[in-house]
Amino acid sequence: MKNYLLTKMSYEQIRHFLSLRKKMSFRALLSICFLILSITIYAQDNKSRVEGTVIDVNDESIIGASVVEKGTTNGTITDLDGNFVLNVSSANATLIISYVGYENKEVSISGKKNLRITLLENNKILDEIVVVGYGNQKKVNLTGAVSSVDIKELESRPVVNVVEALQGTTPGLTIQQSNSQPGSRPSINIRGVNTLNNNDPMVIIDGIQGDIQNVNMSDIENISVLKDAASAAIYGSRASNGVILITTKKGSKGTASVSYDYTYAIQTPTFMPDIVDSWTYAELRNEALFNSGRPLQFTSEQIRDYKLNGTNSNWMKEIYKSKAPQQTHNLSITGGNEKTTYLVSGAYTDQESMLEGPGYGLERYNSRVNIDTKVSERFKFNVLAAYTRNAVKDHAYWTDWLIEQVTRMPSIYPIKDENGDYTYPGGSNSNALARLEQGGVRKSWNDDLSGIVNAEFRLIEGLKLQGMVGAQLYYNRLKENRKAIPGSGDQENRMNNSSQRIQNITANLILSYDKKWGDHTFNAMGGYSYEGGTDNRFETFRLLDESNYDIMGGLQTSNTGNQEWQTEWSIYSAFFRLNYNFKERYLFEFNIRDDVSSKFRKGNRSAWFPSLSAAWRVSEENFYPESLKDIMPSVKIRGSWGLVGNNRIDNYKYQATVNVSQGYNFGNTIYPVAAFDAVNPDLKWETTSMYNIGVDLSFLTNALTFSGEYYFNDTYDILVNIPVPGLYGGGSPIQNAGKVRNKGWELSARYNLRTGKVNHNFSASLADSQNKVIDLKGTYWINGSDVTSIVKEGYPINSYYAYRWDGYFQNEEEVAQGPHLDGITPKPGDIRYLDKDGDGVIKEDDDRFVLGNRFPRFLYGFNYAAEWKGFDFSMFWQGVGQRKVWLRGESVEAFHNNNEGPVFNFHIDRWTPDNLNASYPRLTVGAESANNAAKSNFWIENAAYLRLKNVQLGYTLPVNLTRKFSISRLRIYASIQNALTFCDMKGGWDPETTDGGGRIYPVNRTYSMGLNLNF
């Protein structure tokens, strides 16, 4: 009867929860809670009651220690005095007591009703298990560079995906969040830039490649980051940029345990450009017109009227809401028996856009079922299934269009007139707010369904066979309905429909053997893997006479377009790993993988990727002084070398593709022409040679741990388009012709401290990486228009390439004597540029410099957490010590491109005859701005920053209060994400912004409150 009730409760609760939408009522939530309470109370009838106190060796009570009945999930935590009360299944039950920093302890009740339990400090922190490729290892025995993310540090952060929460948590892991628009994807990089092509890391979720943004953070058990060849070479051809391994939670034995987490948050922009007031604008506009030899626009009376009662509108603020809500719900149920355990979870996320408009934002639905079954002592298997849907509703334009327009609009114009109609001032034929409110919508739906079956059979002692089959289905749809806006220049009714269907299959077969002979321990693993997939896409559009319909029906044949394409790929792999351990003192590991990829022609498809690594645990040597072990109990030195690959290029690049065009006219007849792309059939793998040296130290009985790394990577045979002579008459084929060197270092430390009844946890990290192009066969190329970068031997990839500014021309004499831009005569107050070749004329071909790049260096993070009498506090700081961002256009230039605006507050400090040391040159408009608008490092900003990424305060209610309602844990908390930012960026732009005109949706600051509830 009890099991039936619990099963029915779980089904009904999940079904009810998944039906809850954005308008979920508080009454519905209470109904769920009371239903769970009633079942839980029923399940605990007729149990034995035991009380006790948990203390440390100094007789100090331990607050928040976990007390669980062995073999079940029936448990509680200790209160402010270290006391607990628990109803157990029998008078002979066994309790498991655990707490962070202390060794777990099992205590048999043996009929006792009152217990006093002493926990010992944990001196085996280094024995924790770390997930690695196709298995796991003890941290103390690792020979490669692997970082394990502390999932507890990510709990309760008000973020909508895992990537945001990971920023700054791991040395060498670079995450840049340039905006917070619902559905946006922060960039991820591990240990810098190794190639001129795709530098994204490989992401493995429960053994198969997946999308990290679709994982529900509450479902994650652990995250490992594989950084060097010793740890990543087992993944071969796709591991040159590192690997992120994510393992989700499993069920636990015992009666059903229910967890519910809820967060409600308010989003506000972290930055907003500081636009000058309307009267100040009018004064500066007149000054710019005068400096440019044009008539003034405003009289003194008009300026006075603006100040007293005129319009003073900030269009940027008009298109954003003052606050946008965000909420998440997570519900999970775990349980099982000696044979089978299960986890069932569901989650709902609703992130409303900060842009004005009809309900823009993101809704995400997550569900997961993980089942583990032990069929016999030799055979077990598990089934994992997960589904994620992302539904994004957005405006029908592009966000950078909207922000570009509102940034350029001066504050003298209202966005709506006194009648509530949209205005179109300054020659503009569109209005950003009108586009948001009346211009239609773009909706996208992204479905991610995955299923995995793992089986393990123990053949003999130490020898086991494992098999895995995983399947993934991604189905993405987009529907755009852009509507004409009356009275504006937006008169196009356009509908777009597109879909994408991706199917992937992964299969592994692995044989592993573990054996120990005396002081010798061997671990061997070999396997075979197949991965393959298809990608099918279809797209169509229509230009319509009117847009009242949200379908594409009809027989329209004009103003339409359709296209469809499909690609297929596969990769076959064999891999092997051998670990050898002698006396827990000398550690060796060898990995090798052979990948055969369809992305290259036969003969070039296969490549071997080996790695070697070793470690010496100096502290285990006989000569290591006993007196030193009390201070530094563990010392380990590591080293590794290996080869990894990169096959992230488009399919079929080694084959000639045909493009058919209308062709030429012969005899009044148009004949189609087929053009073949230039190809290189001999394409082969990019390969990265990685070297890593590391040291791991522990101090003060392992309370303080430290790790340091130095790495050196060379990537060769990089696939690049080398320019060909014009006489060739065709495009340049891709060649294996580039080489890049990337090197860096990492430091990390963690310290656990207890003072009285307060537990402190400190962690810090600092890392740096820098790359350099070594070989491009003597060629180079320049990219970009507004922002120019160069790829050239001897310099970092995509380094800024521009003039170097050299102050201002202060008077006519300096103008006459100084170098001038070719074809331009400057005036006092204009920017002067360095004449690199000394010929008196500034030219692009002769006088540009390499001026740094936007990739961040010296990334650091600091986390502090404390617990005291049920209260918990944490703060996480994250920053970048060196980064440059090239801002252009309306993000920094006054009256950019002959527009009426923008004018920002920092433009007030402009050059005038009375302000020679200004931070901005003289104000000009139109052609008179040509000298100052030239591409130079005057526009390159220092984007180094320090950010209080998260600060959080929580309180866990005493157990003696919550146990009355059969609640094992109830925590409430408040949190702020992106709370503070310290940066010298001009104009108020966010330091993580990308290059260019600042046309981006802002990064948000999020204020949240929530609860964690466990039954």
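**Burial and overall form**

I began with burial, and of the 1015 residues of the protein, 52% count as buried. I keep in mind throughout that this is a predicted model.

Next I looked up the radius of gyration, which is 32 Å for the protein, and this agrees with a compact globule, because a globule with 1015 residues would have a value near 31 Å. Taken along the principal axes, the box that the C-alpha atoms fill is roughly 100 × 70 × 70 Å.

For the surface I noted an accessible area of about 45,000 Å², and carbon and sulfur atoms hold 53% of that area.

**Secondary structure and contacts**

I then turned to the secondary structure, where I found 13 helices and 50 strands. Among contacts in the protein with a separation of 6 or more, I noted that 70% are between residues 24 or more positions apart.

**Aromatic pairs**

How many aromatic pairs does the count come to? I found 35 aromatic pairs. One that I looked up is formed by Tyr 864 and Phe 873, whose ring centres are 6.5 Å apart with 55° between the planes, and this pair is tilted. I also checked how the two partners are covered: Tyr 864 is buried, with a relative accessible area of 16%, whereas Phe 873 counts as partly exposed at 31%.

I went on to Phe 938 and Trp 939, and asked myself why this pair is edge-to-face. The ring centres of Phe 938 and Trp 939 are 4.8 Å apart and the planes stand at 85°, and planes over 60 degrees apart count as edge-to-face, so the pair of Phe 938 and Trp 939 is put in that class. Both partners are covered, since Phe 938 counts as buried at 5% relative accessibility and Trp 939 counts as buried at 2%.

**Charges over rings**

My last entry is on charged side chains and rings. Phe 938 comes up again here, as the charged end of Lys 986 sits over its ring, 4.9 Å from the ring centre. I noted a further case at Trp 398, where the charged end of Arg 442 sits over the ring at 4.1 Å from its centre.

How values were computed: Residues numbered from 1 in each chain as written. Predicted model: local features only at pLDDT ≥ 70, side-chain atom pairs only at ≥ 80, totals over all residues. Heavy atoms only, no water. Phe/Tyr/Trp six-rings, centres within 6.5 Å; stacked < 30°, edge-to-face > 60°. Buried < 20%, exposed > 50% of the residue type's maximum accessible area, 1.4 Å probe, protein only. Lys NZ or Arg CZ within 6 Å of the ring centre and 35° of its normal. Helix = DSSP H or I, 4+ residues; strand = E, 2+ residues; numbered from the N terminus. Rg over C-alpha atoms; globule rule 2.2 N^0.38 Å. Contact = heavy atoms within 4.5 Å. Areas by Shrake-Rupley, 256 points an atom, 1.4 Å probe, with all protein chains shown as cover.
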